[in-house]
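These are my working notes on a set of coordinates. I record what I looked up, entry by entry.

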Amino acid sequence: MGLKIRGIFLLALLAGCIVMILPTIQAYRPGGNPSAIRNKVNLGLDLQGGMYLDLAVDTHAAVTQVEDRLAQEIEDAFLDKLIDYVSVERQGAAVDVVLPPSETVDWNAAPFERMLTGFTLHQVEPHHYRITMPDAEAKRIQQDATKQAVEVIRNRIDSLGVSEPSIQRKGESEIIVQLPGLRDRQQAIQTIGTQAVLAFYLVEDNVTPETMDPNKDVVKYEEQTDETTGQVIRRIPYVLEKRPVLTGDTVSDARVQISSLDNTPYVSITFNSLGTDRFARITTRSQGRRLAIVLDNKVQSAPVIREPITGGQAQISGRFTLKEATKLAIVLRSGALPAPLTIREERSVGASLGEDSIRQGLLSFIAGALLVMIFMIIYYKVSGVFANVALTLNVLLILVALASFQATLTLPGIAGIVLTMGMAVDANVLIFERIREELDLGKNARAAVNEGFQRAFWTIFDSNLTTLFAGLALLLFGTGPIRGFAVTLSIGILSSMFTAIFVTRFLYDVVYLNRRRLAEVSI
Amino acid sequence: MRFFSNETHFDFLGWRFISLSASWAIILAGVVAYFVMGGFNYGIDFTGGTLVQVKLPNAGDIKAIRQTLSNGGIQGFALQSFGNPGADEYLVSLAKADEGTSVTGKTPAAQVEEVLKAHYPDMDVRRVESVGPKVGTELKDSAYESIVFSLIALLIYIWIRFEWRYSIGAIVATAHDVLIVLAAFVFTQREVSLTVVAAVLTVAGYSVNDTIVIFDRIREYTRKFRKRDVKDTFNDSINHTLSRTVLTSGTTLLVVLAIFLFGGQIINDFAFGMLIGVMIGTYSSIFVAAPVVYMLQQRFPPKLR
């Protein structure tokens, strides 16, 4: 290639790099607003502070819930249609229906036909039916549960005020949540993780947990916590009718209100039209009884129904702090999670540690760059300067690559950049040593430089390739910050092959080999 | 400027018995230490567990903090100071037995934070890491996978690139480097985390570089000087590439040193692994890889074409 063409190419490349790197400089200059600028190098959570969560959705529970609901619907229908039955129960992954010998059920008629769509009905014994869910259906429910959980979490996080949250599904049942710049970890975990299954149950008065009929009733507890330590100090049992009279999926809105009586916060919920109807009927029918409000299997409160409530509004009061009430309103508004979540992995970095890491990363970068550059100039004089120019362009190229791939820079990523600086000059060392050798043999500058570049090329190629294997292996199998290291290492190795060979060769050609009389090479 | 005069005449191959014995001794010592000291000090990346790094200004004695945690009902924790003396930073680590933490309950980290916050109001939570045992196993598996993958890729590449004697030399040298870096982690009981795996892999990839430079030269001289004694060819090749072997590692060592000294605690173990690995990699290229190839050539002389 002609010198001019190479020169124009390099200038264009340099200009392109500068243009591409401008958004990054703009984003991170003092007083800049990184979240408003696109196409920048993103900082990892370990540098800007924040939380990384790997959550597992208990998709199995989602399937069980569907089966529980089916059992309940069938039982309801039996009651409605005055069909006598011995038991309707979920047994493992199936719903078992046992009827008395005198009773028959037409499963192909309404409403059973609708309920059983998607299920398989077997007759185990003359009066014993087993309803199972086909594997494909179970799988669909499991997949939907994760998708739905992602949506619910997204809604809840929107209310946390995190500027650039990321919520992604990973595999069948995992969700990765990344919240940069998060301040209150504990609140975030609880807001994301509260399942928020809300249900209203009528309280059985005059029945104790000892005397109740387990077929009809169920015990749920109210937990009282110590206000300073947060420890549970008392669990009050409530005997409730087994079947909830109303569930949380009929809630259309939830807001925090402050009681004018005693200045305590409570959550006011608004039902949709279906819920409003049912709530009105229950409160009319059961005046004087107590209605327990149960959230995630814990009784929040159990007020007495004094008068019919037809306006479609209810209040959940407990001993909430304002923060707790706010959290509750958020989770009720966003709807219930289809299944419980567990934390598989959490990695959180405080803002102060992130700042320290940035400082330390920069410091090691500057120290590494200075050490290498000064060494190259002392050892190889002008040729060392060439290598340093190539090195600078190499670092610029790595940053540009990160910005254009929208990749994330982590602390190990910075270490990767620093490391590639040391490795990038290896190529120049190999070339320069070869040139020196050829000069020692008495060759002229042009011949020596030509030989140096030619002979060293395959050695450089080989040796870089093996390091690249390590980088790619880490890229394939690594997670989190390690990926950041693998990315910068791999990019750095590739770009250094270009800069160390192409750029230094160009500089030799311009400075030394373009003259009529060959000058002596400073090496 | 030059570190080595043009013609060094070290008899590297003459030292092969000493150097190979020394390498064996270190690796054996590492194996013994592995069993005596109870293996690697695995971090929570692999064991699973919870780690809370806090800054407690003016907390005073570490015993007092330990007492605070026990009184607060935290069980089965380990407490150590972290970073520079006087940094007032501490690491609370908890082993976790059960699978995953239910999100509704308080996480172990939250309990630690609450107990400490009550006694040290100006506490700063610097870092929280919590890894479930299942994830720990997954991470361990993927670490093994990545090591196996890259070693196989390396092996295949070297096998294609060089004839089999050289391939074995390079592979022995790489395995040697990896083993000695691992031994260093056993001796120092530094924590083996994901970043350390990254360091080990990078060392494996990088340490072959010097070896390739020397092998290329041996091959070149073998073709050029057919009549010459094999031992002289090997020694000449190593001597003539000595300056670049030392220089390439030297520049890399400079940057690794910068990371080791200034990069902070979080990547200190990574930098330590690289530091040992780059030095050992250079040593092994000269004192392990080349001698192994030489000995293989003695035992299985290549047929002269």
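**Entry 1: a sheet in chain A**

I began with strand β14 (residues 265–271) of chain A, which pairs with β17(A) in the antiparallel sense over four bridges. Strands here are DSSP E runs of at least two residues, helices are H or I runs of at least four, and both are numbered from the N terminus. I take two strands as paired if DSSP finds at least two bridges between them. Within this pairing, V267(A) stands opposite I316(A) of β17(A).

I then traced the whole open sheet, whose three strands follow the order β13-β14-β17 (chain A) with antiparallel pairing. Its edge strands, each pairing on one side only, are β13 (251–258) and β17 (313–316) of chain A. On average, neighbouring strands of this sheet are turned by 25 degrees against each other, direction ignored. Helix α8 (residues 322–333) of chain A lies across β13 and β14 of chain A, at about 170 degrees to β13(A). For such angles, axes are lines fitted to C-alpha atoms, for helices over the stretch in contact, and the range is 0 to 180 degrees between N-to-C directions.

**Entry 2: provenance**

I note that this is a predicted model: local features need pLDDT of at least 70, side-chain atom pairs count only at pLDDT 80 or more, and totals for chains, interfaces and linings use all residues. Residues are numbered from 1 along each chain as its sequence is written, while chains are lettered from A and ligands numbered from 1 in the order in which they are written.

**Entry 3: T264(A)**

I located T264(A) in the loop between β13 and β14 of chain A. From T264(A) to L472(A) the separation is 208 residues in sequence and 58 Å in space, C-alpha to C-alpha.

**Entry 4: strands around β4(A)**

I found that strand β3 (residues 87–91) of chain A runs antiparallel to β4(A), joined by five bridges. The two form a hairpin with two residues between them, and G92(A) in the turn has a positive phi of about 65 degrees. A94(A) of β4(A) stands opposite Q91(A), and its bridge partner in β6(A) is T132(A). Strand β4 (residues 94–98) of chain A has V95(A) and V97(A) on a covered face, with A94(A), D96(A) and V98(A) on the uncovered one.

**Entry 5: contact between the chains**

I asked how many residues each chain gives to the contact. Chain A gives 68 residues and chain B 61, two residues being in contact if their C-beta atoms, placed from the backbone, lie within 7 Å. On the side of chain A that touches chain B, the largest share, 15 residues, comes from α9(A). I also noted a strand pairing between chains: β18(A) and strand β6 (residues 124–131) of chain B run antiparallel, joined by five bridges. There, E346(A) stands opposite S130(B).

**Entry 6: confidence**

I read an ipTM of 0.91 and a pTM of 0.86 for the complex from the predictor. Chain B averages a pLDDT of 88, and 96% of the residues score at least 70; pLDDT is the predictor's confidence in each residue, from 0 to 100. Where pLDDT is low, the predicted coordinates should not be read in detail.

Note on methods: A residue is buried if 20 or more other C-beta atoms lie within 10 Å of its own, exposed if 12 or fewer, and partly exposed in between; C-beta atoms are placed from the backbone.
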